[in-house]
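Work through the exercises below with the model open. Try each task before reading its solution.

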Amino acid sequence: MPKKQTKKLKEKPLPLWDELNKLDQGLLRNTNPWIHPKYLEENMAHKFRHYQENALRYFHYALTDESFKNRNIDHVLFNMATGSGKTDLMAGLMLYLFQEQGYQNFLFIVNTDAVLKKTIDNLTNPESSKYLFAKQIVLDGNRVSIQRVTTFPTQPQENTIYLKLSSVQKLSKDISESRENAVGIKDFERNKTIILGDEAHHYNASTKSEKENENSWEYIIKKILAARVDNRLLEFTATMNFDNEKIYEKYKDKVIFRYALDQFIRQGFSKNVKRIQNANDDADNMLNAILLNQFRKIHAREMLDVDLKPVILFKSSKIDTSLSMNEKFNQLIADLTVEKLLAFIKRQKIINELDDNVTLNYAWTYFENPENTQVELENLKHDFSRQNVLNANDTDRSRFLEKGQYELLNSLESPANPIRAIFAVAKLTEGWDVLNLYDIVRIKENAATNSKATDSEAQLIGRGARYNPFIYQDKQTMTRRFDNEVSDRSGLLLETLHYHTMNEPQYLKNLVKSLDAMDLPTDEDVKAPLLDVKVKESFKKSAAWNFGKIFYNETVKVPESAYTALPAYGIDNTRDIVVTYLSSGAEVGYRANEGIEVSERHQAKLNFDKRLIFKAMNRLSFYHFDELKKVLPNLLSRESFIFDENWLNLANRDFFVDIPKNVQSQDLSAVEHLKIMELFLSDMEKRLRSGFVKARGTDKFIGYPIKDYISDYRKRVKQSDSEVIYPKTYSQKEFVYETAIINATERQLVERLLDKVLELKTKYDEVYLIRMDENMHRESIKSEALKLHQFGKVDEVHLEGFQPDFILYLSNSKYMMQIFIEPKGADRAEAQQWKEDMLEYLNKHEVTFEDEIDGVKIRGVKFYLQGDTRDTLKEIAHISLGKDDFERGSLEQGNLLEMIEEIKPV
């Protein structure tokens, strides 16, 4: 798939899709208002994701809205990312079309038998773990059955959905040859039928050629659609080649919904993808993959209490290669001993020393530990023994074919399914939706390195990246939950697919190009290394370490019964509402000729429209009543949420939009009115979620022994375009860690404070700067203890805990002082003003301590911004020394150049 396709597609108009977008955003209309059907929630195995709801909504508009009554909607295409749940959407569309449009006949067509056999289970077998409907389908109080048929009945029974599943090839042959006991054109003349076409990019052979083949699928589908005016074809694919002009012309008016892969990944519905590149031979690559895969299982169990069965796929280019590698793999496992394993790990560490692959190093280190080697090797040999390895190549030599191969492939997540490794060539290219695939190994022998081969591999990686919704802490989600975790104790390993690939330059270049063309982000597994952060031995000899404490306030539980109105969430529901709209580059189109600066703004009043707010709420899944009740347990209805004085109270409040001065409220379109309302509701959602915390801070502070809570830890160094992180070593004993992993603003703060140590020591015997990193106790109850919580009377309630990044610890013979300091980027300071208010609150209100401790002072200061634009250091001087400012220090006298020198990131 060439890179240019994405760009060209964005430039080419898709009229039906564009028109539906415009219609959906035209909120000030009351025609066919959409509410996601409750019967889908009740009768499907999985809850619809937001984009699946959107797809169904667009389809509903196309069938029912007045603006489409003169358009022929008999053939549409859903162009949705690999792994986004197209089969779930098909199942939902079946129920919708049965319930709302009266369709009973459904024909499901695919291009390969592999996909067909998988789908039979998904749509017709209630005992399958991947059955997509509820075990009992009930619509309007009636039980509805799904019957798999060979031909459609002449007289359909009530409350019955008839489903025929067929390959394209077989269906074309049945209809063109009028075969006995097979579906024929009369079936499609008798009763209206829905055709569901999966992997639709395969069905365009005639479109690409100069002459239409009378036996082709395209010719047959024309006959089926012509048999009745209400027969419809719904096609689904992730990879339609719109660069081909003939295909674009065929589908440009048929694309009814698009959800691209980059959206899918960005919104967290997939695993992360890492490439492991090395020059190993195939046998060493296989053993590395086994060790990593097994370590992932062990890590899940020991660190996170998660029961995980990760699967490996070994991908070859030829069946003979796959079969021979399968045998080599079986022999490798059978012959593996402790001595061989340790020798292998030692050799790998030498070979890969420069590459320093982080994740493989974890696995090697674990297995070479004498406490683990023998026991875990036995477990590994059992898990990957011959009977737990599947060869999925469809040949006479495939011993699993007669023993339910497709059923095994389609139930790999099941604890009862023992398969841990799969060898394949092309069987899994399409239709395979296994969720617990965590390692893909590219077999080098006979491997092609051209772009056609890497395009195929990129598609496979995309399918393997489907998210695995494992249960963690009694919760299951459909999106990644550890993206912000940086500790090696985190679940990152459970949300990452590793692709073990060849280290051949041209191949890698083509592979990255293929992945880029899919908008599938990957990187090498060496780009976010874990660094050790250790407490200095000198600090461990201090009185502060042995006897000192750090203090945070205690919390008390808040019952759900307390959440009866918005003020309980810290939200004022009496003041006027102001939403900022059109900022930065978005303002360019509204600039007036007279040269008004875009920075000049005003607040324009908007008229409240009940239809508008309901439409916006319908578009945001949080505001569906069942979801809303999870955060507002005492809410009676959505109507009361809008109008009751305890809640939004919108009838008694004015609504303003903050816009550029040269824009008036009447200039805003209906689409922009919707956007403004969605901005308001999205912000309200965040505030409601943050306010619904069942614990509230008190003025009682608890001391936590420093030596029990300040500890060594490991941190993953992540870089982004907006922030560069530096590992910096400080020799001064007053910084308690050997290394600081900090950004530019934090580094500036640390160095300026360390420059003031001598002056602070004129009053204090001990002066220590402690970096409080949440990675110290991630996945531990300790991390919750070391947080500040609001207490006392505050204007804006935020019940979530807050961990300031630094503590300045000062002590003398009279008292100990603890000053909380939080560096902050200027772009984030305003949005998190409540944190600064909490820190400043500590300076104006004395607190109490457990056990009536004396001689402790708890203080906080303003955010430290780059360049100290808020005079935070002056405030620290005033609090700690009673001075207006610090004396001029050594930094200003000679070391300034060192501080501002160009710093090279990791």
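A residue counts as buried when its relative accessible area is under 20%. The model is predicted. By that cut-off, 56% of the 906 residues of the protein chain are buried. The chain has 34 helices and 31 strands.

**Exercise 1.** Decide whether K86 is buried or exposed, and describe its surroundings.

*Solution.* 
1. Locate the residue. K86 belongs to helix α5, which covers residues 86-101.
2. Take its relative accessible area: 10%. The cut-off for buried is under 20%, so K86 is buried.
3. List its contacts, setting aside neighbours within four places in sequence. They are M80, A81, F236, T237 and A238.
4. A polar atom of the K86 side chain lies 3.4 Å from the backbone oxygen of A81.

**Exercise 2.** Classify the packing of helix α13 against helix α14, then describe the contact.

*Solution.* 
1. Two packed helices are described by the angle between their axes and the distance between those axes.
2. For α13 (residues 282-304) and α14 (residues 319-335), the angle is about 60° and the axes are 11 Å apart.
3. That angle makes α13 oblique to α14.
4. Name the residues. α13 contributes D282, A283, M286, L287 and I290. α14 contributes M325, K328, F329, L332 and I333.
5. Sort them by class: eight are nonpolar, none polar and two charged.

**Exercise 3.** What share of the chain's contacts between residues at least 6 apart in sequence join residues at least 24 apart?

*Solution.* The share is 77%.

Notes: Residues numbered from 1 in each chain as written. Predicted model: local features only at pLDDT ≥ 70, side-chain atom pairs only at ≥ 80, totals over all residues. Heavy atoms only, no water. Helix = DSSP H or I, 4+ residues; strand = E, 2+ residues; numbered from the N terminus. Buried < 20%, exposed > 50% of the residue type's maximum accessible area, 1.4 Å probe, protein only. Polar contact = N/O pair within 3.5 Å; in protein donor to acceptor, adjacent residues only side chain to side chain. Contact = heavy atoms within 4.5 Å. Axes fitted to C-alpha atoms, helices over the stretch in contact; angles between N-to-C directions. Parallel < 35°, antiparallel > 145°, perpendicular 65-115°, else oblique. Nonpolar A, V, L, I, M, F, W, Y, C, P; charged D, E, K, R; others polar.
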